[in-house]
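Visitor: I would like to go through this model and ask what the terms used for it rest on.
Guide: Here it is.

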There are 4 protein chains.
Amino acid sequence: MSQDHSTASLSAFRWPVRVYWEDTDAGGIVFYANYLKFMERARTEWLRQAGIAQSTLKEQSGCMFVVSATNVQYHRPARLDDELIITAAMEQTGRASISIAQEVLLVNGADRAQAPQLLCAGQIRLGWVHAETFKPMRIPSSILEVLK
Amino acid sequence: MSQDHSTASLSAFRWPVRVYWEDTDAGGIVFYANYLKFMERARTEWLRQAGIAQSTLKEQSGCMFVVSATNVQYHRPARLDDELIITAAMEQTGRASISIAQEVLLVNGADRAQAPQLLCAGQIRLGWVHAETFKPMRIPSSILEVLK
Amino acid sequence: MSQDHSTASLSAFRWPVRVYWEDTDAGGIVFYANYLKFMERARTEWLRQAGIAQSTLKEQSGCMFVVSATNVQYHRPARLDDELIITAAMEQTGRASISIAQEVLLVNGADRAQAPQLLCAGQIRLGWVHAETFKPMRIPSSILEVLK
Amino acid sequence: MSQDHSTASLSAFRWPVRVYWEDTDAGGIVFYANYLKFMERARTEWLRQAGIAQSTLKEQSGCMFVVSATNVQYHRPARLDDELIITAAMEQTGRASISIAQEVLLVNGADRAQAPQLLCAGQIRLGWVHAETFKPMRIPSSILEVLK
């Protein structure tokens, strides 16, 4: 099935995440809202390695990214102690918002001989807004340059 | 703008939620993943008032609902101490999954003279699966009857 | 055993909380850190019924309560769908901090004929600090009056 | 002040944690209950490097560790993007429970020339219980050996 395979390009940013008790629920699996946290950690580190720290950005520009839409498909569950890889890749850039494609992959087996398995995929749209008024603002070109 | 107005039918189930510190983030607003928690509370109470307790259901049938897809649009942020209403209405029923339309509304003003304001809207798809194997199962007609 | 019995005075503030999926972990029980969220909801509502809204307080005084110490004993676990009562009672008041005794009780049985069962008890110390500098400040007497 | 200085022995286990949006609240700081999550991540990794994976342990022994008491002092807040170190060291071992001393330290400055600053310290007591009945059980000596 196509959903078994990651569509993340080889150039996508990758960030490792481990599943702890805090992430799971009584179904024995990761609580679905928590994949959004994993995806945000990867986006944050992707920005950081591009030289963008969000706390500094907010102080300097008075603006910040806020999530304006999320679209997530859950294919297979992750469990306690699982080792995950979260990807992030730019999908679309606009004047006041960007769209990021992300995947949650399960690292397979102790020897990691197999390809990681796709657990969950999402599109996250971020708007660039004024930190006080939440009015949409034009994304500084310095940021767009870095993210491309 | 159309996004200001709730499209929830008058017959939609409604559940009140208050915003606490735990729900907010350093942006001063509700952390976006937490709206999924609010929506689930409303879905759970909607099922409960229809006579369905999920913990009992799992014990008796060996099956449970899991979220298979979420699609959420964030229009305006909620803040600490805000009084919200979360709606839930059946959108579509299938053999092994159902789709639920939900809204997060802000109660306006102390006198509540104004209509609630739409903050966030989502479509949540739930699959009915075996609690151990997570294999998709046919939703019992007794449950579908109750939810219609 | 003494731990089975609530020591909350009859005059303690009481707030109902329902356990949802979001509160549980893969052990099948409420994740222990989440009882702190339940306790905070009760403290917040206790303050609110005394006429104190924390968001308004922060805007008007430039100060806020922050948790400076927690001491929690976990006796029995709560589970999905459980109906809980969270208590809050003033234990000690100082110039810059207050200490609050709280309990988490399980509502027993559908008929509620039995006394609620003690699941968890805690002492929470709150400091009153400047919202920007986090320096300890003297608690306004108007607030102390109300809480006694 | 003594609270500025870590009392963690040099031999304590150390685990790095980064602060993300998910960890913060509207006060602009890390939500106090979330330090318990950070501490648990460090405990989990401490067990893992000692060869103990909790999910495997539960499957094989039918038992698991549950938190029976927490005692946490909050000295200074952590903020978005902060780089933390979480320590874990055995404090006391009993037949059915162990007590672990933990600290949350802030990595100081880009050059890390200064010593990490103590933000938060806690004692966490874990009970070893049957995973279904939650009855206290005797901790296997194989586990105690490894943790000493």
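**Pairing, sheet and core**

Guide: This is a predicted model. In it, β2 (residues 63-74) of chain C and β2(D) run antiparallel and are joined by 5 bridges.

Visitor: What makes β2 of chain C and β2(D) a strand pair?
Guide: Pairing requires at least two bridges. These strands have 5 bridges, so they count as paired. In one of the bridges, Val72(C) has Thr70(D) as its partner.

Visitor: Why are β1 (13-18) of chain C and β1 (13-18) of chain D said to stand at the edges?
Guide: The open sheet has 10 strands, in the order β1(C)-β3(C)-β4(C)-β5(C)-β2(C)-β2(D)-β5(D)-β4(D)-β3(D)-β1(D), with antiparallel pairing. Each β1 has a single partner strand, so one side of each is without a neighbour in the sheet. From one strand to the next, the twist averages 30 degrees.

Visitor: What makes the 172 residues a nonpolar core?
Guide: Membership requires buried residues of the listed nonpolar types, joined through C-beta atoms within 7 Å. The largest such set has 172 residues, and Leu84(A), Leu84(B), Leu84(C) and Leu84(D) have the most contacts inside it. Leaving aside neighbours within four places in sequence, Leu84(B) is in contact with residues including Val17(B), Phe38(B) and Leu106(B).

Conventions
Residues are numbered from 1 along each chain as its sequence is written. Chains are lettered from A and ligands numbered from 1 in the order in which they are written. This is a predicted model: local features need pLDDT of at least 70, side-chain atom pairs count only at pLDDT 80 or more; totals for chains, interfaces and linings use all residues. Helices (H or I, at least four residues) and strands (E, at least two) are DSSP runs, numbered from the N terminus. A residue is buried if 20 or more other C-beta atoms lie within 10 Å of its own, exposed if 12 or fewer, and partly exposed in between; C-beta atoms are placed from the backbone. Two residues are in contact if their C-beta atoms, placed from the backbone, lie within 7 Å. Axes are lines fitted to C-alpha atoms, for helices over the stretch in contact, and angles run from 0 to 180 degrees between N-to-C directions.
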